[in-house]
Amino acid sequence: LAQDFPAMPRVPQKVVELHLCREPQFPVPKDVGIDKYKHDVRDWRSVTPSKWLEELATAREADNHAYLAKLCAAVAVSTLQGCLHGFVASAVSDFRAGVAEAQAVRHDCFHISDPISVGFTSPPDPVPRALPSGGRRAAQLRCFDGVHPVDVLLQLEDRTAGSSMAMLHFVPEGEPLGLLPNLAAGPEVESLTLRTNFFQAIEGLDRHLHCQATHLLDHNGGVICSSNVAILRGDASTGFRWLDHITRFDVYTISLPRHPGVDKWGRYSTADARELVRQRVELAFAAAAARGVEVLVSSPLGLSRNCKHPPLEIADILHKAACNHMLIFDVIAVASASPSHGGQWWTEFANSFRFGRPPIDFGDPVYDVHAYANVLPFVKFQKSKPSVVPAPRELRRTFL
């Protein structure tokens, strides 16, 4: 049989047939879209970091949110083109000049494999791993203000070399776009899409899960683990410079309701709403712990993408989930680059994440007897009659 059917030559992991033969256009045209990156023949990889910075400054000065979203789409397309066709990472700010530089590092597209996703509706079986000789210490709870979780993973990689890292990500429940990113939020908020190949994981979710991803997240309350996500570029302040070293991590995605009820003390209005969020966060922590994650970074869940959850309740839920897995992780952090998350707001959120939510001051109790009229039907209250002032008596002569 071996002679009749000779061995077939090995097929590369990625076969790229499209040739990038055109120069990028500025201003960014309207036909640029992250969902059309496979059919775009413009080489957006060749845009220099200085050009990206110039276009970002122009869009922000004009307060043009529509063009800022198109600009973010062009950056995302260039990142995905680098995954398909390869890219050159160099210390210089020019892509084409970096080819001739001695310090340039050429990355082909075959070492960047596509992310693989798997879904969980219950905690998976833990992966066996050896404990250190001196025992495992409790995890560090850290907070990073003004820093995106992707940048936190880059910082922690240098200090925790060889550790498995993951990011906790959320999407709104019932979102019409599904798991697609909201590029109108800006490059600081959507760094996960602009700087990594996470969009490739979104493309293959239904194929990997053998079901609709939104059904798994919204109806079953599950969590999706996308492994082998690679950080390829720097942040917006560097002009999305290509990185010489590629950092890999996992992304755990859950869905949360968009607008749950909130009472006047900053709590969930119903216990069921809080329990739903707690169960999904606990499942994400348990899945990450079972798969051997040692560094877990989360964003403020339910506080972006037009979602309005009580901030201190979210911080308290993350705190309790971290305490339940304190001896499994090495570092558990929360970070946010959103401009609205800062100042006193972030101080209270960070303290609640580290130490739990402080006791709520409900004020002095006020006892209103009339409030129990519907509860205690046997209690009868006399109706208050209007006071009538009697008329003065007329003096007159009588026989007495």
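Helix H8 gives the most to the lining of the second largest cavity, with three residues. This is a predicted model, in which local features need pLDDT of at least 70 and side-chain atom pairs count only at pLDDT 80 or more, while totals for chains, interfaces and linings use all residues. Residues are numbered from 1 along each chain as its sequence is written, and side-chain values use heavy atoms, with hydrogens and water left out.

**The second largest cavity**

- By residue class, the lining divides into four nonpolar, three polar and two charged residues; Ala, Val, Leu, Ile, Met, Phe, Trp, Tyr, Cys and Pro count as nonpolar, Asp, Glu, Lys and Arg as charged, and the others, Gly among them, as polar.

**Overall fold**

- The protein has eleven helices and nine strands, which are DSSP runs numbered from the N terminus (helices: H or I, at least four residues; strands: E, at least two).
- Of the 400 residues in the protein, 48% are buried; buried means under 20% relative accessible area, exposed over 50%, and partly exposed in between (1.4 Å probe, protein chains only).

**Aromatic pairs**

- The whole structure holds seven aromatic pairs; rings of Phe, Tyr and Trp (its six-membered ring) pair if their centres lie within 6.5 Å, and planes under 30 degrees apart count as stacked, over 60 as edge-to-face and the rest as tilted.
- One of these pairs, Phe-26 with Trp-52, is edge-to-face, at 5.9 Å centre to centre and 80° between the planes.
- Phe-26 lies in the segment before helix H1 (49-61) and Trp-52 within helix H1, so the pair ties together parts that are 26 residues apart in sequence.
- Phe-26 is partly exposed at 25% relative accessible area, whereas Trp-52 is buried at 0%.
- Another pair, Trp-345 with Phe-349, is stacked, at 5.4 Å centre to centre and 5° between the planes.
- Trp-345 and Phe-349 are separated by about one helical turn because they stand four residues apart in helix H11 (residues 344-355).
- Ring pairs also link Phe-26, Trp-44 and Trp-52 into a cluster.
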